[in-house]
Amino acid sequence: MTETRILVIDDEPGIREGCRRALTPHGYTVHTAENGEQGLQRIQSDDYDLALIDVMMPGISGVDLISRIHEQDPETVCIIITGYATVELAVTAIKKGAYDFLTKPFTTDDLLLVVHQGMERRQLSLEARRLQKIEAEAQNLAAEKARLEEMDRAKVAFIRLVTHELQAPISAISTYLDLLLNEYIPPEKQREVLERSQERAQEQLALISDLLEFGRLKELKAAEKAGPVQMDTILRGVLQQMEPQAAEKGLVVAAVIPPDLPPVRIAADQAKSIWTNLISNAVKYTPSGGRISIQLRKENSTIEGQVIDTGIGIPDDARESLFSEFYRAKNAKELNIKGTGLGLAIVKQIVEKAGGKIWAESEIGKGSKFTFVLPISE
């Protein structure tokens, strides 16, 4: 059983010695201090279950000492010893955290009674604290269990989606090859079937590429290659690559890039992925003759990028799932434009891992605006 440690703080030697002699035979370990300063030093260097404190002492008063003691251990029971008990003093001491009073002169029985009661109070308080800690730990464990179960459900759903998305193109290619091998396709139609097979194979390669990138982003060490990167330089390279696709649809692409933009801390290939996915989507879903505007600027301690198009827009009911894996809005599917449904999920992962954020604004039939911000590299 742990020993019970008591500190007696009183400027009268008789009180200190009397308390020590009365309490020691009952199994209490008693230390003494002759003033508030000495008592505070003992409290700061050792642990005590209960303190008997004289209210009238030179230096730090007994009432002021209570709060200093509770800074070290809120559960230390403080009992005031006084020869001047008044209602005002009682109220002040209780507000400061005193448990009880001993009025001078007091007997050994009076002392033992108040100490026993004080220790019962401490044990109850410590038990309550222990139970609160156990309850908090139980709540944390329950929350963690729920989080892990949700992650497991999400993982299973993700695997199902991946399996379906990988299976569909392979099944189509296999069907086309069976038709060719069994000579069900006349010679004049064979090239068309081969072209369809090649198209589905390219879809499969694009999906695998996106899955590999998405998987890398999930790794803990994904940010290891991050370094100061100029988003404007990356943007110019992506615009050059996307130019033929935009020109084929007769799209006007305009970029506003101010000079001397500071760098951001991100991997260069991930910065390229942000621009490629956002601009590629704008080109895909903007009808011929439309316009795509790209803006890049410094905003306080961030770099802000925007891709604005005059495309088909995003339905209101699609906003919440827009950045989810494999999600494609209904109006996007109806256009029969090929896509993996991973592009925006990849962009969101990249931006958030780099300490930024991304959001979308859109009006159905009038276009969309995607905005992302990334912190400037130190």
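This is a predicted model: local features need pLDDT of at least 70, side-chain atom pairs count only at pLDDT 80 or more; totals for chains, interfaces and linings use all residues.
Residues are numbered from 1 along each chain as its sequence is written. Local features need pLDDT of at least 70 and side-chain atom pairs count only at pLDDT 80 or more, whereas totals for chains, interfaces and linings use all residues, and side-chain values use heavy atoms, without hydrogens and water.

**Exercise 1.** Determine how strand 1 and strand 2 are joined, and which hand the crossover has.

*Solution.* Begin with the strands (DSSP runs of E, at least two residues): strand 1 (residues 4–9) and strand 2 (residues 28–33) run parallel and are joined by six bridges. Next, take Ile 9, whose bridge partner in strand 2 is Ala 33. Then follow the chain from strand 1 through helix 1 (residues 13–23) to strand 2, a β-α-β crossover that is right-handed (clockwise from the first strand over the helix to the second, with the strands pointing away from the viewer).

**Exercise 2.** Work out which residues of helix 1 are buried and where they lie around the axis.

*Solution.* Buried (under 20% relative accessible area, 1.4 Å probe, protein chains only) are Ile 15, Arg 16, Cys 19, Ala 22 and Leu 23. Because they cover an arc of only 140° around the axis (taken from the directions to the C-beta atoms), they lie on the same side of helix 1. On the other side, Pro 13, Gly 14 and Arg 21 are exposed (over 50%).

**Exercise 3.** Locate Thr 286 and describe its surroundings.

*Solution.* Thr 286 lies in the loop between helix 8 (268–284) and strand 9 (291–299), and is buried, with a relative accessible area of 1%. Its side chain reaches the backbone oxygen of Ala 282 at 2.5 Å.

Note on methods:
Helices (H or I, at least four residues) and strands (E, at least two) are DSSP runs, numbered from the N terminus. A polar contact is a pair of N or O atoms within 3.5 Å; within protein, one must be able to donate a hydrogen and the other to accept it, and residues adjacent in sequence count only if both atoms are side-chain atoms. Contact means heavy atoms within 4.5 Å. Two strands pair if DSSP finds at least two bridges between them.
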